[in-house]
Amino acid sequence: MVYSVSQLNIEIRQLLEQGFGQISLVGEISNFAAPGSGHWYFTLKDERAQVRCAMFRNANQRAKVRPQNGMQVLVRAKVTVYEPRGDYQLIIEQVEDAGQGLLQQRYEQLKEKLSAEGLFAAERKRALPEHIHKVGVLTSPTGAAVKDILAVMKRRDPSVEVIIYPSAVQGEAAVPQLQSMLKTAFERNEVDVLIVSRGGGSLEDLWCFNDENFARLLATAPMPTISAVGHEIDFTIADFIADVRAPTPSAAAELVTRDQQQQRQKAQALQQRLALAEQRFLQRLKQRWQFLQTRLQQQHPQRQLQQQSQLADELQARAYRAIQNRLARQQQQVSYLQGRLQAVHPQKGLQRLQEKLSHQQQRLPLVMQRLLKENRARQQQLMQSLNIVSPLNTLERGYAIVRTENGEVVRSEKQVAVGDSIEVRLADGNITAKRQ
């Protein structure tokens, strides 16, 4: 097979795109260009090689960093071929600072590993106690997070006791200190809820809360735990391990305290409900008393005598109405029978017959005239139809009927031989002839 240059570049592009898919790559940026189209073009290189890259506008608008020459970056890209020049290149979809990118990869790998072990499962999450009297806070004793937590708890419910488990929350010393304080809190087991917290920061700043050993230790907590690390958009491994995630330290403080104002409003609402329930109870008692009083009056002997007297009056009225109704029905029956007797009297039947005979006598001449007229019209119609199909009518139009000496109608010249006599019937007479 002989390829054209275009066909070759197309097939190479398809092989590269299908063979590699999406890849991750670390390299140094050089030859960075950002023309007016909004797309970015640069080269990624290391000590021994380089590759051209393009990052189109719809992708670079989501980029967390703007590339600069000499910057080490981690990119996610697809391998392809720029067909007009036949150059293979990378289409960049994501670009990050190399240090941040590697941390993110480690974060995702650990997250996937612990999730597969079931440490993030919803079934192992515990609900917070309904009544919380003592709260532990694992955080920096001088950071903004502990100040926010204490301020919110003092405002909402000063009666809740707070125990601080101090630890560094950033840097190399943070992980061992966090684990040490966590073990101390577990051994004492003196709080109802434990909050693990710090303020916001970069992925690197929050990295101690992504430590695998710290995460596994937190999963063994004997009390319910709340993770309040960073801002609402920040997620750490501790957030997935803890029983509850709070978007901010202040939100965590709200979860473990009851607003006193709300408690007062709730108490007032309960008092109102109690007063209303008492009113309803008294109302029901009053209705019950009235019901019993009414029943007592109904069962009094005087009341029963009144009812018996009223019943006797009603029965007497019903008997009178029944007699009146029966008399009315009998009167209607008599009237009905009188009407039927008059209807079947012989004199009345004879009168109807005489009227019917007189009516028939009056109709007879008219009927006879109508029948004669119809018969004449029908006879005339039949005569016209007979005349239409009559042979004589055909003869009137110039036709003739030829017969042999035996009287047979001649329909073919073969019936008459030379010398035979024939009779020709015309409209006004007959002619005798002989075939020559």
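**Stop 1: the largest cavity**

Start with the largest cavity, which holds about 30 Å³ of space. The model is predicted, so treat each stop as part of a prediction. A search of the whole structure finds 1 cavity of 30 Å³ or more. Select Arg124, Arg126, Leu218, Ala219, Thr225, Ile241, Ala242 and Asp243; these residues line the largest cavity. Colour the lining by class: 4 residues are nonpolar, 1 is polar and 3 are charged.

**Stop 2: the largest pocket**

Now go to the largest pocket. Its volume is about 340 Å³. The lining has 17 residues. Select Lys64, Arg76, Gln94, Glu96 and Gln104, the lining residues that lie nearest the centre of the pocket. Then show strand E4 (72–82), strand E5 (87–97) and helix H3 (98–116). These are the elements that give two or more residues to the lining of the largest pocket. Colour this lining by class too: it divides into 6 nonpolar, 5 polar and 6 charged residues.

**Stop 3: the barrel**

The 5 strands form a closed barrel that runs E1-E2-E3-E5-E4, with mixed pairing. Neighbouring strands of this sheet are turned by 55° against each other on average, direction ignored.

Select strand E2 (residues 40–45) and E3. They run antiparallel and are joined by 6 bridges. A hairpin of 4 residues connects E2 to E3. Pick phenylalanine 42 and look across to E3: cysteine 53 stands opposite.

Which residue in E5 is the bridge partner of cysteine 53? Select leucine 90. Next, pick alanine 54, whose bridge partner in E5 is isoleucine 91. Strand E3 (residues 50–55) and E5 run parallel, joined by 3 bridges. Show the side chains while you are here: in a regular strand they alternate between the two faces of the sheet.

**Stop 4: the open sheet**

Select E11, E12 and E13. This is an open sheet of 3 strands in the order E11-E12-E13, with antiparallel pairing. E11 and E13 are the edge strands, and each pairs on one side only. From one strand to the next, the twist averages 25°.

Zoom in on E12 and E13. They pair in the antiparallel sense over 6 bridges. Pick glutamate 423; threonine 432 in E13 stands opposite.

**Stop 5**

Time for charged pairs. A search of the whole structure finds 14 salt bridges. Select arginine 435 and glutamate 413, whose side chains meet in a salt bridge at 3.5 Å, N to O. The pair links distant parts of the chain, 22 residues apart. Arginine 435 lies in the segment after strand E13 (429–434). Glutamate 413 lies in the loop between strand E11 (401–404) and strand E12 (421–426).

Is glutamate 413 buried or exposed? At 52% relative accessibility, glutamate 413 is exposed. Arginine 435, at 31%, is partly exposed.

**Stop 5: a pair in helix H11**

Move to helix H11 (residues 346–389) and select glutamate 374 and arginine 370. Their closest N and O atoms are 3.2 Å apart, in a salt bridge. The two residues are 4 apart in the helix, so about one helical turn separates them. Glutamate 374 is partly exposed at 42% relative accessibility. Arginine 370 is also partly exposed, with a relative accessible area of 44%.

**Stop 7**

Finish at helix H6 (residues 212–218). Select arginine 216 and glutamate 212, which form a salt bridge with their closest N and O atoms 3.1 Å apart. Both lie in H6, 4 residues apart, about one turn of the helix. Arginine 216 has a relative accessible area of 28% and is partly exposed. Glutamate 212 is partly exposed as well, at 26%.

Key. Residues are numbered from 1 along each chain as its sequence is written. This is a predicted model: local features need pLDDT of at least 70, side-chain atom pairs count only at pLDDT 80 or more; totals for chains, interfaces and linings use all residues. Side-chain values use heavy atoms; hydrogens and water are left out. A salt bridge is a side-chain nitrogen of Lys or Arg within 4 Å of a carboxyl oxygen of Asp or Glu. Buried means under 20% relative accessible area, exposed over 50%, partly exposed in between (1.4 Å probe, protein chains only). On a 1 Å grid over the protein atoms alone, a cavity is a set of points where a 1.4 Å probe fits but cannot get out, and a pocket is an open set with protein on both sides within 12 Å along at least five of seven lines; lining residues have an atom within 4 Å of a point. Grid points are joined across faces, edges and corners, and a volume is the space filled by probe spheres set on the points. Ala, Val, Leu, Ile, Met, Phe, Trp, Tyr, Cys and Pro count as nonpolar, Asp, Glu, Lys and Arg as charged, and the others, Gly among them, as polar. Two strands pair if DSSP finds at least two bridges between them. Axes are lines fitted to C-alpha atoms, for helices over the stretch in contact, and angles run from 0 to 180 degrees between N-to-C directions.
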